[in-house]
Amino acid sequence: MPSTATYTGDKTGNAGFDIAVKFVGSDNRTYDDSCGVIPNPLSDVGELYTGGSAQGNVCVAVPRWR
């Protein structure tokens, strides 16, 4: 899923360490298992300073329910 992160703090932030992406399934459970290797991951973005913005992909494995 393409995502954008904008840092609004006072010092610096790192999208790879400071952001956790989770999904809530139809079973009302939270899922946060990674998908493995993805193109242009948001986690590869370096430090962002105040007002800095970055784009990248995130992926979370969610079980398929029938």
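**Exercise 1.** Determine whether N14 is buried or exposed, and list its contacts.

Solution. N14 has a relative accessible area of 16%, so it is buried (buried is under 20%, exposed over 50%, partly exposed in between, with a 1.4 Å probe and protein chains only). Its place is in strand β2, residues 12-14 (strands are DSSP runs of E, at least two residues, and helices runs of H or I, at least four, numbered from the N terminus). Not counting residues up to four places away in sequence, N14 touches I19, V45, G46 and E47 (contact means heavy atoms within 4.5 Å).

The model is predicted: local features need pLDDT of at least 70, side-chain atom pairs count only at pLDDT 80 or more, and totals for chains, interfaces and linings use all residues. Residues are numbered from 1 along each chain as its sequence is written, and side-chain values use heavy atoms, with hydrogens and water left out.

**Exercise 2.** Identify which cysteines a disulfide joins, and characterise the link.

Solution. The pair is C35 and C59, with S to S 2.0 Å (the criterion is cysteine sulfur atoms within 2.5 Å). The angle about the S-S bond is -75°, a left-handed link. C35 is partly exposed at 36% relative accessible area, and C59 is partly exposed at 32%.
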